[in-house]
Amino acid sequence: MTIVTTMATAITTITAMTTTIDPASLYRLMAWFSPAYPIGAFSYSHGIEYAVEAGFVKTAADLSDWIGEILLHGAGHVDAVLLKAAYESAGDPAALDGLADLAAAWRGTAETALESGQQGGSFLLVTRAAWGHPDLDSFAARRGEATVALSIAIGLAAAAHRLDLKAVLAAYLHAFGANLVSAAVRLIPLGQTDGQRALAALMPVTEAAVTKALATPLEGCGTAVPMVDLCSMQHETQYTRLFRS
């Protein structure tokens, strides 16, 4: 799966969901959610490595179904709601810090917590350096060495740079799904074309996940994908592993 092909799919997904994004904002989104953005996303499979070994995910159709559940009912949904809350709380440091603590704790396993926290810290570091903003610096100073979930870092950065929330959610969820497709292409293995078929099948799911996240209050957020968490737990002791989750 090439960066060009992945970003082309991302642009199609984003523009299908919003007509308000301007070229400069689109450029930021393309940069932040490119596979080349150095946050280490390629190191994680969110439990798919064990799901493949156990035979739960064998085909492109299996893969799109599995990832779709994560986006609609699992960590993808939780992250989208947290991202929205961080975006809306960007001007309230106390509320934002409370969300950061909640997001750092809101993972079902140690590996998925590492996945979110390591990427969040890296995103904040790189974005402060390349796309600096005082709000990002203030938040980083307050958090110190505390874990920053990726959803919170992106929500704050998007608000600081006045990006369209709906477009940001679409880009975030697309990137989440695309990273898992990329992992599965290497694990199952799938051909590049089947990987793109799986990614294309996720487009309406991503649209639905954005709509669901926008309609879900923080207190109504939750997950319903226990098999994903069980696969993540099993991955911790899997004999051979390519990925960190």
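## The largest cavity

The lining of the largest cavity draws its largest share, four residues, from α10. The structure holds two cavities of 30 Å³ or more, and the largest has a volume of about 50 Å³. It is lined by 10 residues, among which H174, L199, L202, M203 and T206 are the closest to its centre. Two or more residues of this lining come from each of α10 and α12 (203–215). By class, the lining has six nonpolar, four polar and no charged residues.

## Basis of the description

The model is predicted, with local features requiring pLDDT of at least 70 and side-chain atom pairs counting only at pLDDT 80 or more, whereas totals for chains, interfaces and linings use all residues. Residues are numbered from 1 along each chain as its sequence is written, and side-chain values use heavy atoms, with hydrogens and water left out.

Helices (H or I, at least four residues) and strands (E, at least two) are DSSP runs numbered from the N terminus. On a 1 Å grid over the protein atoms alone, a cavity is a set of points where a 1.4 Å probe fits but cannot get out, a pocket is an open set with protein on both sides within 12 Å along at least five of seven lines, and lining residues have an atom within 4 Å of a point. Grid points are joined across faces, edges and corners, and a volume is the space filled by probe spheres set on the points. Ala, Val, Leu, Ile, Met, Phe, Trp, Tyr, Cys and Pro count as nonpolar, Asp, Glu, Lys and Arg as charged, and the others, Gly among them, as polar.

## The second largest pocket

The second largest pocket has a volume of about 210 Å³. Of its 13 lining residues, G121, L124, G144, A146 and V148 lie nearest its centre.

Both α7 (110–130) and α8 (134–143) supply at least two residues of this lining, and α7 gives the most, with six. The lining divides into five nonpolar, five polar and three charged residues.

## Backbone features in loops

A cis peptide bond, with omega of about -10 degrees, joins I188 and P189. P189 lies in the loop between α10 (165–187) and α11 (192–201).

H46, a residue other than glycine, has a positive phi near 55 degrees. H46 is found in the loop between α2 (23–32) and α3 (48–53), and is buried at 4% relative accessible area. R162 is likewise not a glycine and has a positive phi of about 55 degrees. R162 is placed in the loop between α9 (150–160) and α10, and is exposed at 75% relative accessibility. Buried means under 20% relative accessible area, exposed over 50%, and partly exposed in between (1.4 Å probe, protein chains only).
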